[in-house]
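Okay, everyone, thanks for coming.

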Amino acid sequence: MQYSWQEKWVAITPKPFAILSMIGSVCIIKHIITSPKHLVRTSTFHRILLGLSILDLTTSFVVFLGTWPIPKDTPNVYLASGSDQTCTAQGFWVQLGVGVPLYNASLSVYYFLVIFMGWKEYQVKKVEPFLHILPILFALTTSIVVAATGNYASSNVWCWISMDNNPMRFGFFYGPIWAAVLLVTWKVRVSIVSSYELACSI
């Protein structure tokens, strides 16, 4: 079977960037876990960052796999050598990656509470469970729902929610990501405006 250079490019290009992402995540995880300062036990910030990095590591790995898990002989997909089962497995973990931007939103909320609101560590700990539960629960629930409804399929680059199901793609991935981006942007804007007003009042 002959493949165009575009099809080869799409299959190969994500791999080196996924490797770099995995290396970065491993370094962060190692630093937090092995730190003599016991960051996992003492720092809400580092626990959120640890959760984010673990999810990012798994997502980067399945992105590195790229087209390999896509069912063999899928038309116009270079290096496809998997089955329906490997496609579903990859799709599950790719969808689970929606937790990464949601964890970024949690990190933004942490910064907002600590820097803008002036919360202390003991105050942040009271809301910390929600900063972990919400990203993980949403990512896990949506991944299971897509699998249960049989909606994982080839997306040409990797397996994910079927290209025929745009409402599910928007509701389970694009919509939450844009919501996370808007939340982060709003928190940054509020912090900048407040810092400006404080500086002007001095």
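So, the largest nonpolar core has 30 residues, and Ile-48, Val-146 and Ile-161 touch the most other members. By nonpolar core I mean buried Ala, Val, Leu, Ile, Met, Phe, Trp, Tyr and Cys joined through side-chain atoms within 4.5 Å, with buried being under 20% relative accessible area (1.4 Å probe, protein chains only). H6 gives this core its largest share, seven residues. Helices here are DSSP runs of H or I, at least four residues, numbered from the N terminus.

Quick caveats: this is a predicted model, where local features need pLDDT of at least 70, side-chain atom pairs count only at pLDDT 80 or more, and totals for chains, interfaces and linings use all residues. Residues are numbered from 1 along each chain as its sequence is written, and side-chain values use heavy atoms, leaving out hydrogens and water.

Back to Ile-48: what is it in contact with, leaving aside neighbours within four places in sequence? Tyr-103, Ser-106, Leu-107, Tyr-110, Leu-131 and His-132, with contact meaning heavy atoms within 4.5 Å.

Now Glu-128, in helix H7, residues 121-148. Is Glu-128 buried or exposed? Buried, at a relative accessible area of 8%. Not counting residues up to four places away in sequence, Glu-128 touches Thr-44 and Arg-47.

Phe-17 counts as exposed because its relative accessibility is 57%, and the cut-off for exposed is over 50%.

Conventions:
Helix = DSSP H or I, 4+ residues; strand = E, 2+ residues; numbered from the N terminus.
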